2 protein chains.
Amino acid sequence: MSEQSIGVGLIGCGTVGSGVVELLQEQSERYARRLGCRLELRRVLVRPQDVDYKTERVPRNVLVTDPEAFFATESMPILVELGGGRGAISQFVRRALDMGKHVVTANKALLAAEGAELFALARQRGVSIGFEASCAGGIPLITAINFGLMANRIQALYGILNGTCNYILSQMTSKNAPYATALAEAQTRGFAEADPTLDVGGGDSAHKLAIIASLAFGCQVSDEAIPCTGIDTLDLADVRFGAELGYEMKLLGMAERIDEGNGAPGLSLSVQPGLSLSVQPCFIHREEPLAQVHGSFNAIAIFGHAVGQTVYVGRGAGKEPTASAVVSDVLNIAAGWYPQAFGKMHIWPDQQKPPRLFDPRQVQARYYLRFNALDRPGVMGAIATALGDAGISLSGIIQHESCAGEFVPLVMTTHEARQGPLNDALAKLKQLDFIDGEPVVIRVVEMPPG
Amino acid sequence: MSEQSIGVGLIGCGTVGSGVVELLQEQSERYARRLGCRLELRRVLVRPQDVDYKTERVPRNVLVTDPEAFFATESMPILVELGGGRGAISQFVRRALDMGKHVVTANKALLAAEGAELFALARQRGVSIGFEASCAGGIPLITAINFGLMANRIQALYGILNGTCNYILSQMTSKNAPYATALAEAQTRGFAEADPTLDVGGGDSAHKLAIIASLAFGCQVSDEAIPCTGIDTLDLADVRFGAELGYEMKLLGMAERIDEGNGAPGLSLSVQPGLSLSVQPCFIHREEPLAQVHGSFNAIAIFGHAVGQTVYVGRGAGKEPTASAVVSDVLNIAAGWYPQAFGKMHIWPDQQKPPRLFDPRQVQARYYLRFNALDRPGVMGAIATALGDAGISLSGIIQHESCAGEFVPLVMTTHEARQGPLNDALAKLKQLDFIDGEPVVIRVVEMPPG
């Protein structure tokens, strides 16, 4: 790419797309100084119904609605895909790679499902895929894992990967707002979609975790392999009991190497360890850096075997932060070094089997439990005994004073326990007449030392 | 570098050096998989008196004490410099660059003083300098600024850049320990040197800030241009009054683009703005991410014009974290992409003048003030009036109850004020007989929005 200018094509010009157009226009001089040549936005492809939506800064001769005209554009070696979704977009991306174009995308759903294929195609064609914007928005997380932490074997990572959920949980915590109220406010303030399912159900976090884990652990992870619990069934009572115990509730995407021997996270030294993956609401101690990340921010704690804990915090979504990541990828590609680095990137490696996923029942962790239990003599003892018989030891108990003879919340935290025996013990307990309904189980995440 | 193995030379084998040797040995297979070829430690140069110090893992035929023998080693395109200091080490680095070797260094003192010359020499010879380990240890900060945030005009950065100081301040805060006690504990626990001057006086932070600011703002900053106040004269009373007001005391390295018009940080849009640089103990609000970084951790908040605030946290020193950064640089050089990227890196650019430093007297900021004032009628009014006459408006006041007629601490916080008029007003106030000694002035840092 030694031309005097480098052509860029853009598919989709919504919120993030228009942010990309603005950055390329406003920072044109700065970028030219860094690169030694100009970036030129050659063509923007939008759907016919979107021609007038957020495209006021796109010159009319650059805007097209016909994919054939778009792909016929000469001298356009970099294609930015911000159309979102799969289907037609997947075909566009494959077509671009096939034509030998570099692709920059923020499309986490596409990469989580088809990343292995798309990366293989890119490697085969000698081009690169920039995907910094697909995970944690503006935080340069992919850059950090791939280059800055290259000397490390990554042991574990814990991420607040969805700003909508973090905003809702922050509102529940700081304002004692029930889930439905906090969601409604997030929707009013533009932090949540009208249909929030993909966010609050955890699916969006699972998409991102699949991409990050594939990169961090050098293996093929698909989002379908990730057990996923959202925040949409959370009860405010648990947020409050957790706060009483010194914990903050966060929706975490977690990926941990697990030691086969003791089921403990983060300590395995084997080359192909068991990998434990999940997205779930968790309690983390108030003093942990991640607990302090509020509102719509994202944050990821990464544990490298040499570096120990590093934490990255920033805006995970929004027009400018996401455009920052997209345009940084474009610049890194245009500068020539990223395509070279891409070939040696350890993500969705060819000819490698999917990771051996660790049996969730065998994972060792601490848990928060809440029973709706009858307040009568012997009940506390019966529950503690049943858990003790399953090898589960309690580390804390809360029972607020109440009138005897009623069902009251009984909160317990456990020492490290395996999930399987815990679930078995809970299944038995909930059959008993002094327990009402399903016990609540929330993982308490203790970060590895580092 | 297409050989089957790539030779690495190491100068200095102390704590970090021996960590580098261990990583290269233990992770040899992993690195070979990533690179497609092996890294080989060809020669380690140590001083004659250090032959047996931490070198037990270095094969005897690799260890040399004669610089001539070291530099005569064939096929050693990458040189890691961990000798520290300047003088002879500077000559070694220049010799290596002159010979067309890439250099990786953790030597912040060397780069802060001679970075512009060394980088120019490297560019001239077509080789690169890796310096991730020179700032903030294991945190991949250089990588983040240089590549991950490339689309951004950096507006401001605020860093906890010295783990020793942060450890001491954390002890003062959490244990109500006076400075001398906290320093002694840091020394006992190995977090502070026997002669702690470079750390506690702020000089080490200034070295790092010079490097980071040169990179972030694309200009020539030398550490000598940075006004520097350490933590060694701090009074525990101020840490405690600050806590009462909701603030944490941190030693911050700060670099801010300043708007000429109103002196406010972080908002300038001009290409060559006034730059305000300083290292000083500051108060930051307890809710800010940086306030939550305790103990020997480092952290940096970076404000990009598009991405907003991003924060990076991790170990700033120590054997493994620093070795992680050094070896990541080695790998990124050996992989071939870093040398290509280095040429386009915007640090100590050739043919560029030093930045226009903003007059510190004109910087707008909030301040914490503590007077030792006589508790008698009219004193509070006289101080508030003198400040008001200088255009300085108060945002808060603390005076604890005491016996009338004695000198008591009187704490005030100001709204935004220019440093010059504030200093002038304080100089006049301290002449008055109801004020005893020098008033304490500590900047209250309000992070830019984002």
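## Overall size and fold of chain A

With 450 residues, a compact globule would have a radius of gyration near 22 Å, and chain A, at 24 Å, agrees with that. The radius of gyration is taken over C-alpha atoms, and the globule rule is 2.2 Å times the number of residues to the power 0.38. Along the principal axes, the C-alpha atoms of chain A fill a box of roughly 80 × 50 × 35 Å.

This is a predicted model, in which local features need pLDDT of at least 70 and side-chain atom pairs count only at pLDDT 80 or more, while totals for chains, interfaces and linings use all residues. Residues are numbered from 1 along each chain as its sequence is written, and chains are lettered from A and ligands numbered from 1 in the order in which they are written.

Chain A has 15 helices and 16 strands. Helices (H or I, at least four residues) and strands (E, at least two) are DSSP runs, numbered from the N terminus. Of the 450 residues in chain A, 55% are buried. A residue is buried if 20 or more other C-beta atoms lie within 10 Å of its own, exposed if 12 or fewer, and partly exposed in between, with C-beta atoms placed from the backbone. Among the contacts in chain A with a separation of 6 or more, 76% join residues 24 or more positions apart. Two residues are in contact if their C-beta atoms, placed from the backbone, lie within 7 Å.

## How confident is the predictor?

The predictor's confidence in each residue is called pLDDT and goes from 0 to 100. Chain A has a mean pLDDT of 92, with 95% of its residues at 70 or more. Residues 267–272 of chain A have a pLDDT below 50, and beyond near neighbours in sequence this stretch has six contacts in the model. Where pLDDT is low, the predicted coordinates should not be read in detail. For the complex, the predictor gives an ipTM of 0.94 and a pTM of 0.94.

## Two chains, one axis

The same surface serves both copies, as 98% of the contact residues of chain B recur in chain A.

Let's look at one residue, B:Q292. Its place is in the loop between β9 (274–285) and β10 (297–304) of chain B. B:Q292 is buried, because 21 other C-beta atoms lie within 10 Å. Leaving aside neighbours within four places in sequence, B:Q292 is in contact with A:P289 and A:Q292. B:Q292 and B:E248 are 44 residues apart in sequence, and their C-alpha atoms are 8.4 Å apart in space.

## A parallel sheet

In chain A, six strands form an open sheet with parallel pairing, in the order β3-β2-β1-β4-β5-β6. β3 (63–64) and β6 (129–130) of chain A stand at the edges with a single partner strand each, so one side of each is left without a neighbour in the sheet. Two strands pair if DSSP finds at least two bridges between them. Strands β4 (residues 78–81) and β5 (residues 102–105) of chain A pair in the parallel sense over four bridges. A:V80 has A:V104 as its bridge partner in β5(A).

Chain B has an open sheet of six strands too, with parallel pairing and the order β3-β2-β1-β4-β5-β6. Two bridges join β5 (residues 102–105) of chain B to β6(B), and these strands run parallel. Here B:V104 has B:G130 as its bridge partner in β6(B).

## A covered helix

Helix α12 (residues 319–334) of chain B has 16 residues and reaches 22 Å from its first C-alpha to its last, close to the 22 Å expected at 1.5 Å a residue. The expected span is 1.5 Å times one less than the number of residues. This helix, α12(B), is mostly covered, with 15 of its 16 residues buried. Just after α12(B), B:G336 takes a positive phi of about 95°.

## Two loop residues with positive phi

Most residues other than glycine have a negative phi. A:K54, in the loop between β2 (38–45) and β3 of chain A, has a positive phi near 60°. A:K54 counts as partly exposed because it has 17 C-beta neighbours inside 10 Å.

A:N176 lies in the loop between α7 (163–175) and α8 (179–188) of chain A, and its phi is near 50°, also a positive value. With 13 C-beta neighbours inside 10 Å, A:N176 counts as partly exposed.
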